[in-house]
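User: I have a protein model open and would like to go through it step by step. Can you start with a term I will need?

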Amino acid sequence: MTTSFRAFPAVTAPPLPSLGPTASFPARSPSLPQRRLCKFGVKCSYAEAGISDDSRSATIDVVADVRNERIVVLGGSGFVGSAICKAAVSKGIEVISLSRSGRPTYSGSWVDQVNWVPGDVFYANWDEVLVGATAVVSTLGGFGSEEQMKRINGEANVVAVNAAKDFGIPKFILISVHDYNLPSFLLSSGYFTGKRKAESEVLSKYPNSGVVLRPGFIYGKRRVDGFELPLDLVGEPLERILSAVENFTKPLNAIPASDLILVPPVSVDDVAYAVVNAVRDDDFFGVFTIEQIKEAAAKVKV
């Protein structure tokens, strides 16, 4: 049996029709990579003894849906950002990191597979950073004075969301924070008001594709000034204990700030793989709690 292939020109998938209550998603800019349908004509002919080759053999059309993902991670050289870059690379996703420090000082096979771009989100050349991207992931955030926290947690993310939207990027993923059931006067601090401002911008500009992850305390091996802090030595056993007694402590959730003690921490790897899930799944959007982050991560972790 001999098999020959005839290649047909690749065609672009047509826009999806509206499905009523099902979410629809913004069209990508014509300059961005889209799903490609590759059509091949497959012709099979038989030349066994006593059987003549039938040149009129039917052609079978095989259609393959190929999707290339390319993400831009804001703050990619940080604790959470680097974990996201590593997880994305492991799943075959092309990664660009934009951070003030650029390429990290530590080594690793995955590090060489990331395009590390030094820069500040307020002065970034978005035309170079966002070209070809299918999603933007922001890990921007930090502590400081009230004004500093509002700027880095809120304004910086707002700038990034609008740049992504203007450039036609179809999805934006924000790493935010759990509110810990804190009283309102504490939630009015620059840290939380900045985070919620960023969330509001994501959900308003990307109502059907924006993703907000709200983890609590994130643990893992964190590098600070060349030293490695093994936060997992505390976070991992604490997560197991609090998860095991969660059903018994639920009645205490109504107590203000109770989540500071009762909410299980989250592995930085779970946050990273939840992001990978969000990048791949068009039906993954909205605000995700700690438990939902873990569930999302479990779907793509191997």
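Analyst: Helices here are DSSP runs of H or I with at least four residues, numbered from the N terminus. By that rule L238 lies in helix α6, residues 232-244. Keep in mind that this is a predicted model.

User: Is L238 buried or exposed, or in between?

Analyst: L238 is partly exposed, at 35% relative accessible area. Together with L233 and V234, L238 forms a nonpolar patch on the surface, and the three have about 300 Å² of accessible area.

User: Step back a bit. How many helices and strands are in the protein?

Analyst: The protein has 10 helices and 15 strands. Of its 302 residues, 43% count as buried. The accessible surface is about 16,500 Å², and carbon and sulfur atoms hold 57% of that.

User: What is the mean pLDDT of the protein?

Analyst: The mean pLDDT is 81, and 76% of the residues reach 70 or more. Over residues 1-47 the pLDDT is below 50, although this stretch has 92 contacts in the model beyond near neighbours in sequence.

User: Next, α1. How many of its residues are buried?

Analyst: In α1, 10 of the 12 residues are buried, so the helix is largely enclosed by the rest of the structure. The buried ones include F79, I84, C85 and V89.

User: What span should α1 have, at 1.5 Å a residue?

Analyst: The 12 residues of α1 (79-90) should span 16 Å, and the end C-alpha atoms are 17 Å apart, which agrees. Just after α1, G92 has a positive phi of about 80°.

User: Which residue other than glycine has a positive phi?

Analyst: Y180 is one of them, with phi near 60°. N181 also has a positive phi near 60°. Y180 is in the loop between β9 (172-175) and α4 (184-187), and N181 lies in that loop too. Y180 counts as buried at 14% relative accessibility, whereas N181 counts as partly exposed at 26%.

User: Changing topic: how many salt bridges does the count come to?

Analyst: The count comes to seven. One of them joins R214 and E199, with the closest N and O atoms 2.6 Å apart. R214 is in the loop between β10 and β11 and E199 is in helix α5, so this pair links distant parts of the chain, 15 residues apart.

User: And are those two buried or exposed?

Analyst: E199 is buried, at 3% relative accessible area, while R214 counts as partly exposed at 23%. R196 comes in as well: R196, E199 and R214 are linked in a network of salt bridges.

User: What else is there in α5?

Analyst: E201 and K205 both lie in α5, four residues apart, about one turn of the helix. They form a salt bridge, with the closest N and O atoms 2.9 Å apart.

User: Where does D270 lie, and what does it pair with?

Analyst: The side chains of D270 and K301 meet in a salt bridge, 3.0 Å from N to O. D270 lies in helix α9 and K301 in the segment after α10, so the pair ties together parts 31 residues apart in sequence. D270 is buried, with a relative accessible area of 10%, and K301 counts as partly exposed at 40%.

User: Last one: what does N277 touch?

Analyst: N277, also in helix α9, touches F284, A296, K299 and V300, leaving out residues up to four places away in sequence. N277 is buried, at 6% relative accessible area.

Definitions and conventions. Residues numbered from 1 in each chain as written. Heavy atoms only, no water. Helix = DSSP H or I, 4+ residues; strand = E, 2+ residues; numbered from the N terminus. Buried < 20%, exposed > 50% of the residue type's maximum accessible area, 1.4 Å probe, protein only. Areas by Shrake-Rupley, 256 points an atom, 1.4 Å probe, with all protein chains shown as cover. Patch = residues over 30% accessible without salt bridge, like charges linked within 9 Å, V, L, I, M, F, W, Y side chains within 5 Å. Salt bridge = Lys/Arg side-chain N within 4 Å of Asp/Glu carboxyl O. Contact = heavy atoms within 4.5 Å. Expected span 1.5 Å × (residues − 1). pLDDT = per-residue confidence, 0-100.
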